[in-house]
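Subject: Model handover

Hi,

Here is the structure I promised to pass on. My notes follow below it.

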Amino acid sequence: MTVHTKNDFNVADHRTADHPVEPLFLGRWSPRAFDGSSMPETDLKIILEAARWAPSAFNIQPWRFVYALRGDENWETLVNLLNPFNRDWAQNASALVYLFSDTLIDGKDGAEPRASGSHSFDAGAAWGQAALQATALGYHAHAMAGILKDEINAALGVPERFKPEVGFAIGRRGDASILAEGLRGREQPSPRKPLSEIAFSGKFGA
């Protein structure tokens, strides 16, 4: 396993935090140009292991993952469950992962399952940890809401109670020239709103 130090996240040089956070957070961003290289399954398992340790309400751990590595027997199936826009660039990634969340909480002692109010929130926490671990290993991860949500459960054998949240592509950066012309200029880390615009003391907007 390759563990990167803060000096490896050169992208942090192009982003400025309002407060001194770990460079890993600035180094994480979502490119679309991937180099088409293969990824060892051990690296993908490390990334998903990080996701496994995300927090969740009542420790329900509602996240589930279906993945394929580039070139394996499931690759084309997962690629074709992206919408055309995402399929065009994500097919060059090294791994594709679909994230599902369990919309139900199983009852105890034979009680009927009840609806979960935090499944999507908790699954988002798992995605965030996966993305940061990918960055620490020298990869990038790009989450995509543009997936074929009406088809994906049946195509991948996922029970109806699980909601498809996102797909995410993982890989090493490629040259932006492989992207469609309209995307090339967007292939750079995006800024963030100042903390003063999103965090308020005591009252919203204060």
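A word on naming: helices (H or I, at least four residues) and strands (E, at least two) are DSSP runs, numbered from the N terminus. Residues are numbered from 1 along each chain as its sequence is written. This is a predicted model, so local features need pLDDT of at least 70 and side-chain atom pairs count only at pLDDT 80 or more, while totals for chains, interfaces and linings use all residues; side-chain values use heavy atoms, without hydrogens and water.

Confidence. pLDDT is the predictor's confidence in each residue, from 0 to 100. The protein averages 93, and 94% of the residues score at least 70. Over residues 1-12, pLDDT stays under 50. Where pLDDT is low, the predicted coordinates should not be read in detail.

Ser116. This residue sits in the loop between β4 (114-115) and α5 (119-136). Ser116 is buried, at 14% relative accessible area (buried is under 20%, exposed over 50%, partly exposed in between, with a 1.4 Å probe and protein chains only). Beyond its neighbours within four places in sequence, Ser116 is in contact (heavy atoms within 4.5 Å) with Asp102, Thr103, Leu104 and Ile105.

Strand β2. Asp102 belongs to β2, residues 95-102, where eight of eight residues are buried. In a regular strand the side chains alternate between the two faces of the sheet. Here both faces are covered: Ala95, Val97, Leu99 and Ser101 on one side, Leu96, Tyr98, Phe100 and Asp102 on the other. Strands pair if DSSP finds at least two bridges between them. β2 pairs antiparallel with β1 (residues 63-69) over seven bridges, and Ala68 has Leu96 as its bridge partner. β2 also pairs antiparallel with β6 (residues 162-171), over eight bridges. There, the partner of Tyr98 is Gly167.

Salt bridges. The rule is a side-chain nitrogen of Lys or Arg within 4 Å of a carboxyl oxygen of Asp or Glu. The count comes to five.

- Asp102 and Arg161 meet at 2.8 Å, N to O. They are 59 residues apart, with Asp102 in β2 and Arg161 in the loop between α6 (152-156) and β6. Asp102 is buried at 7%; Arg161 is partly exposed at 23%.
- Asp106 and Arg161 meet at 3.1 Å, N to O. Asp106 lies in the loop between β3 (104-105) and β4, 55 residues from Arg161. Shared partners join Asp102, Asp106 and Arg161 into one network.
- Glu41 and Lys45 have their closest N and O atoms 3.6 Å apart. They are four residues apart in helix α2 (residues 41-52), so about one helical turn separates them.

Best wishes
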